[in-house]
Amino acid sequence: MFNQLGVIGCGLMGGSFALAMKRAGLVKRVIGYSKSPSTTEQAKKLGVIDVAAESALLAVSGSDIVLIAVPVSATEITLKAIRHLVNPGVLFMDVGSTKCDVIESARRALGDRAASFVPCHPIAGKESGGVQHAEATLYEGRQVILTPQPFTNPQLVQKATDVWSALGATVLKMRPHNHDAAFAAVSHLPHLLAFAFFQAIAEQPAARDYLSLAGPGFRDFTRIAAGEPAVWRDIFLANKHEVLAQSKRFRTMLDQLEALIEAGDAAALEAALRPISEGRSAWSLPTIPPGRPAAK
């Protein structure tokens, strides 16, 4: 049981964490801060937080667990603002989708106090952001990736593992570079492609007519293009080397398929598509029972 949770960034992720902690009976009081006062007030009205803080520093004051749920580009300035209250024994976590840049931000902003910061990435979310969409069950049955460093306090790493596990998540550990490479492939590039594909349709003169004929396949393929632009701007830039590497791999495959279409080679095209189809048919979304021990 924690006495006070400080949430910096009372949106979907931070709000859902607060609700989940309350529902699990893991915290007595939640104090929250957001850059927009209206967001903080809405979080209070919805019962997501108990007290609205006027600054990030005040959200940390008196808290024994802190969640930083801001865009990854704002991590360093946020950590600098609260640096003087980052004390040993207090668990500080983030929810950023990239980890190498977040860890470097923590090094620069916190110095030796970075030992109290446990980098986290919950694999959860929705197309619609905002505290009004926060849910206490958002992290149930989901994976949470921890990327602790050699200097990270191991007791706080264990505490972070216990917290996420108590919320119904499965906790894994990865090296930050491996994390960023993996999520460039399975998350960041798909979002980039969805943005590009939808816009390629939308900017055509007959776009309205085309979109009126779109079916479930188009809906499913473009669903993630409704993501928050500022969030994805930060992710693409923060992980640009890995995203661009994956984009080049995709472009190579697309070029190969286009060449077969251009040549009109039906047999070769089908031969190229078949293992892709079979591979996708054999794949299914991982379902990992909550409470599984953390893996490296």
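Predicted model: local features only at pLDDT ≥ 70, side-chain atom pairs only at ≥ 80, totals over all residues.
Residues are numbered from 1 along each chain as its sequence is written. Local features need pLDDT of at least 70 and side-chain atom pairs count only at pLDDT 80 or more, while totals for chains, interfaces and linings use all residues; side-chain values use heavy atoms, with hydrogens and water left out.

Me: What is the hand of the β-α-β unit made by β1, helix α1 and β2?
Reply: Picture the strands pointing away from you: a crossover is right-handed if the path from the first strand over the helix to the second runs clockwise. Helix α1 (residues 12-23) is the helix of this unit, with β1 and β2 as its strands. The unit is right-handed.

Me: Which residue of β3 is the bridge partner of G32?
Reply: β2 also runs parallel to strand β3 (residues 51-52), and two bridges join them. The bridge partner of G32 in β3 is A52.

Me: And through which helix does the chain cross from β2 to β3?
Reply: This β-α-β crossover is right-handed. The helix on the way covers residues 37-45 and is α2.

Me: Moving on, what is the strand order of the open sheet of three strands with mixed pairing?
Reply: Strand β7 (residues 120-122) and strand β8 (residues 143-146) pair in the antiparallel sense over three bridges, with H121 opposite I145. By contrast, β8 and strand β9 (residues 170-173) run parallel and share four bridges, and V144 has V171 as its bridge partner. The order is β7-β8-β9.

Me: Which are the edge strands of that sheet?
Reply: An edge strand here pairs on one side only. Neighbouring strands are turned by 20° against each other on average, direction ignored. The edge strands are β7 and β9.

Me: Now the helices: how are α7 and α10 oriented to each other?
Reply: Axes are lines fitted to C-alpha atoms, for helices over the stretch in contact, and angles run from 0 to 180 degrees between N-to-C directions. The axes of helix α7 (residues 176-202) and helix α10 (residues 229-238) come within 11 Å and cross at roughly 125°. Angles under 35 degrees count as roughly parallel, over 145 as roughly antiparallel, 65 to 115 as roughly perpendicular and the rest as oblique. The two helices are therefore oblique.

Me: Which residues of α10 make the contact with α7?
Reply: Contact means heavy atoms within 4.5 Å. On the α7 side are S187, H188, H191, L192 and F195. Those of α10 are W232, I235 and F236.

Me: Last one: how many nonpolar residues are in the contact of α11 with α12?
Reply: The axes of helix α11 (residues 240-263) and helix α12 (residues 266-282) come within 8 Å and cross at roughly 155°, which makes the pair roughly antiparallel. L257, L260 and I261 of α11 meet A268, L269, A272 and L273 of α12. Ala, Val, Leu, Ile, Met, Phe, Trp, Tyr, Cys and Pro count as nonpolar, Asp, Glu, Lys and Arg as charged, and the others, Gly among them, as polar. With no polar and no charged residues, the nonpolar count is seven.

Terms used
Pairing = 2+ DSSP bridges.
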